[in-house]
Amino acid sequence: MLKEYKTIKEISGPLVVVEGVSDVKYEELVDIELQDGKIKRGRVLEIDGDKAVIQLFEETRGVSIEGTKAKFLGKTMELAVSEEMLGRVFDGSGRPKDGGPKIIPEKKIDINGAPLNPYARDYPNAFIQTGVSTIDGMNTLVRGQKLPIFSGSGLPHAELAAMIARQAKVIKQESGADEGEFAVVFGAMGITFAESEYFIEEFKKTGAIERASLFINLADDPVVERIVLPRVALTAAEYLAFEKGMHVLVILTDLTNYCEALREVSAARKEVPGRRGYPGYLYTDLATIYERAGRIKDKPGSITQIPILSMPEDDKTHPIPDLTGYITEGQIMLSRELHKKGIFPPIDVLPSLSRLKDKGIGEGKTREDHSGVLNQLFAAYARGKEAKELAVILGEAALSDDDKKFAKFADEFEDKFVRQEATEDRSIEETLDLGWKLMAILPRSELKRVKEEEIEKYLPKK
């Protein structure tokens, strides 16, 4: 039997405190019935003796202590899932917002998920092609990986997110690891209406929406819905991946808005703040999102995550990127300097890193020369940047002939390899061939990281 309480004692921000409760569980759903009969949905955030703190999914405007009832529903928040979710747009709680009908669910799943047994995890080792050379060629994305994009305010991370979502695909591999369809789950938190329309139009325009589910929380939507959205999106991804055998790419933007919402709720709870006012459990909370990526042994599906976060003041030591870097397998860094030069996508390959890239490249996965090309391009670009810095200090006349060639290589690398049109979908072969064309600028004696037989096979003849 469901219990109703009229013992609401305090309302603070999105939180409602109810006293005198019994047999209430953490994360349990609650209906708050107002005096006029309206219902607002919430969940139990904290239990202290006979006191329950409820977090509302909507604003608390209109909620008064007098005459308001709290009904505890005896269940946690669940998402109705079905393959019909593909091609649809939902709000942060999983309700359709595209004007279409409600989903007829095959089942309902707890949005908090269940932690994967580490023993049941399969090692990520299969390539995902994004069509972006700086990712595919230099910081390869591997199926089951979590690879965040670190951006800054004003940088085009939204355009890059849409580009990856449109173009990402599983390519046929000799290992036969391409079983299963490919799907995208896109979660946007705290974005503007204009950004929301941009994402939806980009998906519809290219037809990518047919294989995608979009979960969107706008800046003026409830803060608490922002906290729920990534878990709702990942629940849909887990269903498609592990029950329907699909390879699912989950893109979450912007995790900074998620963490700001977490800080706001933490302040309303009067918790002792940690670094820069964020709650002390920020690391644990982010881990509950990121660690839901991966592959399971003997199951064909996989979940790959690309979380996107904007670093306040471009500070990579800020708590959000700092803690994210500890949990994930690398990072893609966007550069304000490249953006000022008009280069899109402005990905800086030197501080970027994919810790699993070596597992997803090579013969049978991409191409046998991939590892050598990657290392040679990285080393040459780093030396070219150093040569350009030296020229600024000492003048170009102080550079050796080889240094001048490396400086030219750095410019060409940024202009030809890094720079792409937003609609340009490069295959991995095109990316590697482009790398070899750029290497032709360098003296052959400096190509020390590629094999001699690969040079003979791929290096363009002058």
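Start by selecting Asp285: at 14% relative accessibility, Asp285 counts as buried (buried means under 20% relative accessible area, exposed over 50%, partly exposed in between, with a 1.4 Å probe and protein chains only). The model is predicted, so local features need pLDDT of at least 70 and side-chain atom pairs count only at pLDDT 80 or more, while totals for chains, interfaces and linings use all residues. Residues are numbered from 1 along each chain as its sequence is written, and side-chain values use heavy atoms, with hydrogens and water left out.

Asp285 sits in helix H6 (residues 282–290); helices (H or I, at least four residues) and strands (E, at least two) are DSSP runs, numbered from the N terminus. Leaving aside residues up to four places away in sequence, Asp285 touches Arg231, Tyr258 and Leu262, where contact means heavy atoms within 4.5 Å.

Next, select helix H4 (residues 223–242) and helix H5 (residues 255–268). Their axes are 9 Å apart and they pack at an angle of about 130 degrees. Axes are lines fitted to C-alpha atoms, for helices over the stretch in contact, and angles run from 0 to 180 degrees between N-to-C directions. That angle makes H4 oblique to H5 (under 35 degrees counts as roughly parallel, over 145 as roughly antiparallel, 65 to 115 as roughly perpendicular and the rest as oblique).

Which residues of H4 and H5 meet? From H4 come Val223, Arg226, Ile227, Pro230 and Arg231, and they meet Asn257, Tyr258, Ala261, Leu262, Glu264 and Val265 in H5.

Now look at the loops. Asp254, in the loop between strand E17 (247–253) and H5, is joined to Thr253 by a cis peptide bond with omega about 0 degrees. Lys270 lies in the loop between H5 and H6. Phi of Lys270 is near 60 degrees, a positive value in a residue other than glycine, and Lys270 is exposed, with a relative accessible area of 63%.

Move on to Glu313, in the loop between strand E19 (302–310) and helix H7 (319–327). Glu313 is not a glycine, yet has a positive phi of about 60 degrees; Glu313 is exposed at a relative accessible area of 73%. Then select Pro345, in the loop between helix H8 (336–340) and strand E21 (347–354). A cis peptide bond with omega about -10 degrees joins Phe344 and Pro345.

Finish at the open sheet, where seven strands run in the order E1-E7-E4-E5-E6-E3-E2 with antiparallel pairing. Two strands pair if DSSP finds at least two bridges between them. Strand E1 (3–5) and strand E2 (8–12) are the edge strands, each pairing on one side only.
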